[in-house]
Amino acid sequence: MHYFICAGEPSGDLHAAALIKEIKKADTEAKFTFLGGDLMAEAAGCEPVIHYSAMAYMGFSEVLRNLRTIGTNIKTAKKALAESGADCFIAVDYPGFNLKLAKFAYSMGVPVYWYISPKVWAWKEYRVKALRKYVRKMLCILPFEVEFYRKHRMEAVYVGNPSLEEIDARLAKAPSKEEFCKANGLRSDLPVLALVPGSRRGEIKNNLPVMAQVASKHPGLQPVIAGAPGRSAADYSIASGIPVVYNCTFDLMAIADEALVTSGTATLECALAGTPQVVCYRANASRLSYNIMKMILKIPFVSLPNLIAGKKVISEMLVHQCTVEGVDAELSAIMPGTQGRIEMLEGYSLIRRKLGEHGAARRAAEVITDNLKQI
C-alpha cells in the first residue's frame, strides 16, 4: 500500500515517524509520500514533499503574513497527493491545513484516517461536520475523545497516548537530581521549584512575574526557570536572580519537588513525571477575558491531566485568578506532608491507568492497515 501522510509541526513529525515504523512492520511493502520532518524522512527512507519548517505558522498575525506561502503549500500538497497514487491519506493533527487535504483526498475517493485528533471538543466544534464527512476513522490519543466523536456519529477508536511511551522512555534516561544540579550549577541539597512559564514571549511576560513572586515566599525552595528554545536571557530578566536552564524542561520537571506550569502539554508531562504542580495561565488577567474564554471553551477544564482524569487533579489558576496570593495558596496545599499532595499523586495514578499501555503508534498502524484490507 502507498501511504500519504501530513504532519505540520515538530510534535507531529515525532508521532508520525513512530507511525511509519509501525506501518512498515504491518505492511512490508509499504511506500510513503509525506509532508513532515527529518524524523519521518529517516523512518520512511525518503525526503518530504514539504518540510514542516516551511509550514509551521502559528497565531492569527503569523498566518496572515504568510497566506501566500500557505496557499502555495496547499497546492503543492494536493498535486503530490494526486500524483502519488496513494491508497490512503493520514492526517496527523495540524487541523487547518489537514482539513483541506482531507477534503481533497475524499474528492478523489482516497480514504482518510486522522491520527491525533484536532481539539474540536474544546473549540471550533463546527469542524466536526467536515471531519464526519471526510474522515473514515479517527484515531484518538485521549480516552474521552472517543465518546465525543461517537456522539457526533463518527468512527473513532482510542489507540493509546504516544506521550506516555515517550515520557516513560525519557524518565528512564533522565539524570538524577544530583546529576542535574551539578550539570546546571544548582544546589542538590535544596528542594527545587520548577517554573515553567511557556515558550512564547507573551506567555513568559504574563506568567513569570507571578511565579517568581510566589517563589520568593518560599525561601526554603530553590526556584529554577525552564528556558525555552529560541528565548534569550533578556526574556527572563523580569525574574532577576532566578537561574535559567535551557532545553531541558522535562528533566527539570522530573527532578523538581514542585512546579508552577503554564497550561499546555507540559502539564501532562509534569503529571506523568510525578511532580506536584499548579497550573498558571495569567494572560491579560481580565475577568472579562476569563468569562469570554469560558463561553468559547466547551470543556470543564483546560489542563490535560484534569481532562483525562475527568475530574480536578491539579489546580488551574486562570487569567484573573492567577494572582500571587492565589497561586501561593495552591502551591502551599501540595507541599510534602499535605493531604493535597497525597490526593494529587493519587490523581496522577488515575491518569496513567486511563491512558493505558504503551504502543499507540502500533495500534494506530494496525487499525489503518486492517481497515484498508477491508476496502
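Helix axes here are lines fitted to C-alpha atoms over the stretch in contact, and their angles run from 0 to 180 degrees between N-to-C directions. The model is predicted.

In the predicted model, helix α10 spans residues 201-216 and helix α15 spans residues 324-332. Their axes lie 9 Å apart and pack at an angle of about 55°. The two helices are therefore oblique to each other. The crossing of α10 past α15 is right-handed. On the α10 side, the contact involves Val210, Gln213 and Val214. These residues meet Val324, Val327, Asp328 and Leu331 of α15. By class, five residues of this contact are nonpolar, one is polar and one is charged.

The α5 and α6 crossing is left-handed. Helix α5 contributes Pro95, Gly96, Leu99, Ala102, Lys103 and Tyr106. Helix α6 contributes Arg127, Ala130, Leu131, Lys133 and Tyr134. The class count for α5 with α6 is seven nonpolar, one polar and three charged residues.

Aromatic rings were examined next. A pair of aromatic rings is described by the distance of the centres and the angle of the planes. With ring centres required to lie within 6.5 Å, the count comes to seven aromatic pairs. One of them joins phenylalanine 148 and tyrosine 149. Their ring centres are 5.2 Å apart and their planes stand at 80°, so this pair is edge-to-face. Both phenylalanine 148 and tyrosine 149 are buried.

Another pair is formed by tyrosine 236 and tyrosine 246. The centres of these rings are 6.0 Å apart. Their planes are at 70°; because angles over 60 degrees count as edge-to-face, the pair is edge-to-face. The pair links distant parts of the chain, with its members ten residues apart. Tyrosine 236 sits in the loop between β8 (222-227) and β9 (244-246), while tyrosine 246 belongs to strand β9. Tyrosine 236 has a relative accessible area of 2% and is buried. Tyrosine 246, at 33% relative accessibility, counts as partly exposed.

Asparagine 371 lies in helix α17 (residues 360-373). Its relative accessibility is 9%; since buried means under 20%, asparagine 371 counts as buried. Leaving aside residues up to four places away in sequence, asparagine 371 touches Tyr113, Arg136 and Lys137.

Backbone torsions of two further residues were also examined. Arginine 153 is not a glycine, yet has a positive phi of about 60°. Arginine 153 occupies the loop between α7 (143-151) and β6 (156-158). Its relative accessible area is 64%, and arginine 153 is exposed. Asparagine 247 also has a positive phi of about 60° although it is not a glycine. Asparagine 247 is found in the loop between β9 and α11 (249-255). At 58% relative accessibility, asparagine 247 counts as exposed, because the cut-off for that class is over 50%.

How values were computed: Residues numbered from 1 in each chain as written. Predicted model: local features only at pLDDT ≥ 70, side-chain atom pairs only at ≥ 80, totals over all residues. Heavy atoms only, no water. Helix = DSSP H or I, 4+ residues; strand = E, 2+ residues; numbered from the N terminus. Parallel < 35°, antiparallel > 145°, perpendicular 65-115°, else oblique. Left-handed = near helix turned anticlockwise from the far one by under 90°. Contact = heavy atoms within 4.5 Å. Nonpolar A, V, L, I, M, F, W, Y, C, P; charged D, E, K, R; others polar. Phe/Tyr/Trp six-rings, centres within 6.5 Å; stacked < 30°, edge-to-face > 60°. Buried < 20%, exposed > 50% of the residue type's maximum accessible area, 1.4 Å probe, protein only.
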